[in-house]
Amino acid sequence: MISSKRNFLIAFLVFISIFITACASEPENTGESSAEGDPASNKGEGGDLVIAKISDAVSLDPNGSNDIPSYDVQRNIFETLVKQNEEMELIPGLATEWRNVEDNVWEFELREGVTFHDGSTFNAEVAKANIERILDPDVGSSQSAMFEMITNIEVVDEYTISIETDYPFAPLPAHLAHPVSGMVSLGVIEEDYEAMEDGEDPGTIINANPIGTGYFLFDEWKTGEYVRLVKNEDYWDGTALLDSVTFKVVPEDLTRIAELNTGDSHISTPLSPSDVGQVELTDGVSINQQSSVSFAYIGFNMDKEPFNDQRVRQAVSMAVEKEQIIDGIYDGYGIVANGPIPPDLEGHDENVQDLEYDIEKAKELLAEAGYEEGFSTTIWTNDDRERMDTATNVQAQLAEIGVDAEVEVLEWGAYLERTANGEQDMFVLGWVTGTGDADYSVYPLFHSDSVGSPGNRTFTEDDELDSLIEEARQMPDEEKRADLYSQIQEKLVDIAPTININFQEYLMAVRDEVKGLSQLPTQYLQLKDVYIE
């Protein structure tokens, strides 16, 4: 009897052991959660992700801004017909497929069963209204030039639109992946137009009540402090894992890092290269590093003396040693830029030779232009640490050729507005090729039709350059198109509207409990699959 009881006890304990082991391993064995966010998943759900950012959004209307802080928020509220993955390949968004049915006609098949945050239906009529709004001169979208080639939009059926262009334009799907083409609820668009008739500014209603189809919906915006989004429980492709995301404005770099240490923030972006060492020594925080399609530059206002003289622009550019900036300020993150088209894009030409560092030649050119004794100027920047450090570094370097440069730091919104108005002499800025196509690297920055807020803050107006840019955007042959972009880059070296600094690498600091986070080469954060462990 004793032996029998012992055997029963052993068998019972083995059973209990197996049962406990099976229960303990169950979450791992179920695999990752589905897009629906399976509650039995090993991914944590709920909670508020706090992202500490250097600047506030300028606008929550896709047509009311052209800056990363705004797009970072907007991309979670609004969706585009076409999206990009981490390799900058075009993938379906609110359009399931697209095709070039004629040289200058595109058809887009739209996704069915998608509703906006207000319960209204997404369809071809809504897509048409959104694209027409970008083109509406009364709305005054700063990015309307991206779609200036569109001559007609037809609703083929409830979920198909046809877009006709004035000329063959291969990058059209890439342009429709840009945040400016985020789809807004038709009801809110109509309400915004009614407000415009009553004298309100375009986008007033949309900015206050941004209604999209995204996996987060707008909750609250306290200007200068934070924007808060909450989970869209009715999202068409499975809900996000987080309850909410807060984009918190923390201008000071060290304060953002301190908030990571205390857990008040989960992500700090951007991270200054100077702070990488400190973050690496911090327990529970790691560095996220991402190659980019971002171009950092110093621009000249070509409408102002002395920068209306090509020789002055070339001289100042030759007086700046870029490696000093990249190594000393960016700690080697990024590579020297030879023009505006990033290396990862078709159209970049590594053989283009930019103006070389040459102090003596710079002095000769200034003397030829009548500035043998130099001149005084200002360098504007916003309160980004690398840009401020770049401005002060260039200030010191230009002193060697007799140029007395005063550095002025402006608040982000004012900086964008005043540089668009042409009030600056020199300015430090960057450009992200958000479409992944070289056309967007050059048309907004240097075509005469893009002067001002669309991106051409150097006020470059050159007929030959315009013709090359227009020919390149219309060229269907890829080899010929690449050759045109090489010519454009050579032409820009000669015109010298900018000092080409570097192609950046994005850095951000992330607490270790944040999982599922990724960042596109456009700098936009991918937040749908993020969870806090």
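This is a predicted model: local features need pLDDT of at least 70, side-chain atom pairs count only at pLDDT 80 or more; totals for chains, interfaces and linings use all residues.
A pair of aromatic rings is described by the distance of the centres and the angle of the planes. The count here comes to 16 aromatic pairs. Here are two of them:

| Pair | Centre to centre | Angle between planes | Type |
|---|---|---|---|
| Y71 and Y524 | 6.4 Å | 90° | edge-to-face |
| Y371 and F375 | 5.5 Å | 70° | edge-to-face |

Let's look at Y71 and Y524. Y71 lies in helix α2 (residues 68-77), while Y524 is in the loop between β19 (518-519) and β20 (525-526), so their pairing ties together parts that are 453 residues apart in sequence. Both Y71 and Y524 are buried.

What about Y371 and F375: buried or partly exposed? Y371 has 22% relative accessibility, so it counts as partly exposed. F375 has 10%, so F375 counts as buried. There's a cluster to look for as well: Y215, F216, Y235 and W236 form one aromatic group.

Time to zoom out. The chain has 16 helices and 21 strands, and its C-alpha trace spans about 110 × 60 × 50 Å along the principal axes. A compact globule of 533 residues would have a radius of gyration near 24 Å, and the chain's 26 Å agrees with that. Buried residues make up 56% of the 533 residues. The chain exposes about 22,200 Å², with carbon and sulfur atoms supplying 45% of it.

Definitions and conventions:
Residues are numbered from 1 along each chain as its sequence is written. Side-chain values use heavy atoms; hydrogens and water are left out. Rings of Phe, Tyr and Trp (its six-membered ring) pair if their centres lie within 6.5 Å; planes under 30 degrees apart count as stacked, over 60 as edge-to-face and the rest as tilted. Helices (H or I, at least four residues) and strands (E, at least two) are DSSP runs, numbered from the N terminus. Buried means under 20% relative accessible area, exposed over 50%, partly exposed in between (1.4 Å probe, protein chains only). The radius of gyration is taken over C-alpha atoms; the globule rule is 2.2 Å times the number of residues to the power 0.38. Accessible areas come from the Shrake-Rupley method with a 1.4 Å probe; for residues, only the protein chains shown count as cover.
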